[in-house]
Amino acid sequence: MEKLLIKGGAPLKGEVVVSGSKNASLPLLAAALLAGGASVLRGVPALRDVKTFGSLIGNMGAGFTFEDARAEINTAGIGNFAAPYELVKTMRASVLVLGPLVARYGRARVSLPGGCAIGARPINLHLVGLEKMGARIQLEEGYVIAEAGRLNGASLYFDIPTVTGTENLMMAAALAKGTTVLENAAREPEVVDLANALISMGARIEGAGGSLIEIEGVDELKPYSYDVIPDRIEAATFAVAAAITQGDLLIRNVRPDHMDAVSIKLRETGAEVARTPEGFLRVRGTGRPKAVNITTMPYPGFPTDVQAQFMALMSIARGTSIINETVFENRFMHVPELKRMGADINLKGGLATINGMEGLKGAEVMATDLRASASLVLAALAAEGQTVIHRLYHLDRGYERMEDKLRAVGADVVRIS
Ligand code: UD1
């Protein structure tokens, strides 16, 4: 199994180019199922999750090609409406095919995602929403079996703002009969990107980016040709990399307006974060970071997907910081691994108290989930000596050529098998 070997200590300097957003690409690929013919998505990152999604829709009979960041999905041959367990278990976002399949084809058989390392992560809100729109849903042997005639618009309220839930129901509502109102909807930039692509397909959607989205269903949608937004989580990871190594990075292909919470918190630690006239982000470390508290929240709050990376930074901060994880109850799998590198962290429920150390030491550590692995990479870049990160496949789910990008700005990092 592949590992990453990192010798820490080098300040990262230079330019990095962020890839297209994984979490925006997956719903956009699913949205192609809503139309007849070929949709084209550009800027798609070459990640395992994207390939898995390709297999998933290929398995349904759709054509899928992916080259040079361009994905083409042709729905002409679709004849199988199932998402099997083997694919769904490796990628929870597979559930995003449910809304489009039910809305356009009137049926779907999608495996339940099952338990996940970062918490229970149910999909009850997706299912309740589809039922309110008229779908008949049964759970059988770990599968969601859904059937429907044409869906009807409905007034839906999310008990918790769910990102993929909002996306699933927005896609379903786009082809429903009548108007759907989504209240307490997720406001993430990826939801807005999906809404923009749907609008380009002929959907009538208002309010995406706010917590109330109104969708007036149409009879038919046409395929899209669309450019996905940059990955704000990858950009944030590089921003922390600059701060934690006392480096100076120019981060290109970024939407600074999607990164306000992270930028503000990084500035509080003492890092310089500036938007350049070209619209890039420049981040510079200015000495040992100051301890800063964070609470993860749905957008525009501080993203849970950057919590682990920020904790690596706080591990070497001056003073004590508290990280309150409110989105996923069990998203602290990186803590024991950071401790192996010398971090002083105490966990109590969703609260982590981090007593900043002067430095970390290289160690053998294990990646446990996607963002936890990014946190270990960051800690290793700042640590004294060598770190070996095992189970690299977690990192590869969400970061495109991360070690190449880091090496190009001065990191001592190699992948070995
Ligand atoms: C998405 C992101 C993931 C990110 C998360 C939160 C994708 C592919 N993944 O995941 O990277 O960490 O948003 O920003 O976009 N919940 C329910 N019932 C439901 C659905 C969700 O109780 O039916 C709860 C979850 O357990 C969690 C909270 O709602 O506590 C938010 O989860 P959600 O926004 O749905 O996360 P995902 O869409 O799975």
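How many of the 13 residues of H12 are buried? I started my notebook with that one, keeping in mind that this is a predicted model.

**Entry 1: helix H12.** I looked up H12 and found that 12 of its 13 residues are buried, so I'd call this helix mostly covered, with buried meaning under 20% relative accessible area. The helix runs over residues 370–382. I checked its reach too: 19 Å from the first C-alpha to the last, close to the 18 Å expected at 1.5 Å a residue. Among the buried ones I noted Leu-370, Arg-371, Ser-373, Val-377 and Leu-381. Then I looked at the start of H12, where a side-chain oxygen of Asp-369 comes to within 3.1 Å of the backbone nitrogen of Arg-371.

**Entry 2: the ligand.** Which residues are closest to the ligand? I found 19 residues around the ligand, and the closest are Arg-92, Thr-162, Thr-164, Asp-305 and Val-327.

- A ligand oxygen sits 2.6 Å from a polar backbone atom of Val-327.
- For Leu-125, a polar backbone atom is 2.7 Å from an oxygen of the ligand.
- With Val-163, a polar backbone atom and a ligand oxygen are 2.8 Å apart.

Notes. Residues are numbered from 1 along each chain as its sequence is written. This is a predicted model: local features need pLDDT of at least 70, side-chain atom pairs count only at pLDDT 80 or more; totals for chains, interfaces and linings use all residues. Side-chain values use heavy atoms; hydrogens and water are left out. Helices (H or I, at least four residues) and strands (E, at least two) are DSSP runs, numbered from the N terminus. The expected span of a helix is 1.5 Å times one less than its number of residues. Buried means under 20% relative accessible area, exposed over 50%, partly exposed in between (1.4 Å probe, protein chains only). A polar contact is a pair of N or O atoms within 3.5 Å; within protein, one must be able to donate a hydrogen and the other to accept it, and residues adjacent in sequence count only if both atoms are side-chain atoms. A residue is near a molecule or strand if one of its heavy atoms lies within 4 Å of it.
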